[in-house]
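This briefing is meant for a reader meeting the structure for the first time. Please look over the sequence and the model shown here before going on to the points below.

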Amino acid sequence: FVGKGTTENGGAIEWQTVGTGLLGLFLLGAMAMSIGLFISSLTESVIVAALVTLIFLLTMWVVTIYAVGTTDGPVKELASALSTSEALGPFLQGKLELKAIAYFLSFITLGLFLTDRSLEGHRWS
């Protein structure tokens, strides 16, 4: 029998880590949707928009892996600052860092703003 809030081996579930992880995944999903929405507003093809969005998001995810092995100094720091995996890390560790929250909210806001500008440009052309 497993009691409430415990795992099979008797350890307690860390609900703070679960909650911050879910918040991080929610923010990651919102960022992906806002970027996808912007790219979709630039093209008529759904498939092209999906592929470009996937490539962009994968690039943002693995930019740190490339920079760690090949560069040092400011380029490495810039790659680390742009990396989605680096921003998601604190959430998965149960920490709320303002830098990580600002990262996701900035990309969400930028994606939605650029989508609005793109649609406004299509409306007037």
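Predicted model: local features only at pLDDT ≥ 70, side-chain atom pairs only at ≥ 80, totals over all residues.

Across the whole structure, a search finds two salt bridges.

**Salt bridges**

- One of the salt bridges joins the side chains of Asp-116 and Arg-117, with a nitrogen-to-oxygen distance of 3.1 Å.
- Asp-116 counts as partly exposed because its relative accessibility is 37%, and Arg-117 likewise counts as partly exposed, at 43% relative accessibility.
- The side chains of Arg-123 and Glu-120 also meet in a salt bridge, with 3.1 Å from N to O.
- Arg-123 and Glu-120 lie three residues apart in helix 5, so about one helical turn separates them.
- Arg-123 is exposed, with a relative accessible area of 59%, whereas Glu-120 is partly exposed, with a relative accessible area of 22%.

**The largest nonpolar core**

- The largest nonpolar core has 16 residues, and the members that touch the most other members are Met-31, Phe-91, Tyr-103, Phe-104 and Phe-107.
- At least two residues of this core are supplied by each of helix 1 (15–42), helix 2 (46–70), helix 4 (84–92) and helix 5 (98–124).
- Helix 1 gives the largest share of the core, namely six residues.
- When residues up to four places away in sequence are not counted, Met-31 touches Leu-57, Thr-84, Tyr-103, Phe-104, Phe-107 and Ile-108.

- The side chain of Ser-34 reaches the backbone oxygen of Phe-107 at a distance of 3.5 Å.
- Leaving aside neighbours within four places in sequence, the residues in contact with Ser-34 are Phe-107, Ile-108, Gly-111, Leu-112 and Thr-115.
- Phe-107 and Ile-108 are among the residues that Ser-34 contacts, and Phe-107 and Ile-108 are also among those that Met-31 touches.

Notes: Residues numbered from 1 in each chain as written. Heavy atoms only, no water. Core = buried A, V, L, I, M, F, W, Y, C linked by side-chain atoms within 4.5 Å. Buried < 20%, exposed > 50% of the residue type's maximum accessible area, 1.4 Å probe, protein only. Helix = DSSP H or I, 4+ residues; strand = E, 2+ residues; numbered from the N terminus. Contact = heavy atoms within 4.5 Å. Salt bridge = Lys/Arg side-chain N within 4 Å of Asp/Glu carboxyl O. Polar contact = N/O pair within 3.5 Å; in protein donor to acceptor, adjacent residues only side chain to side chain.
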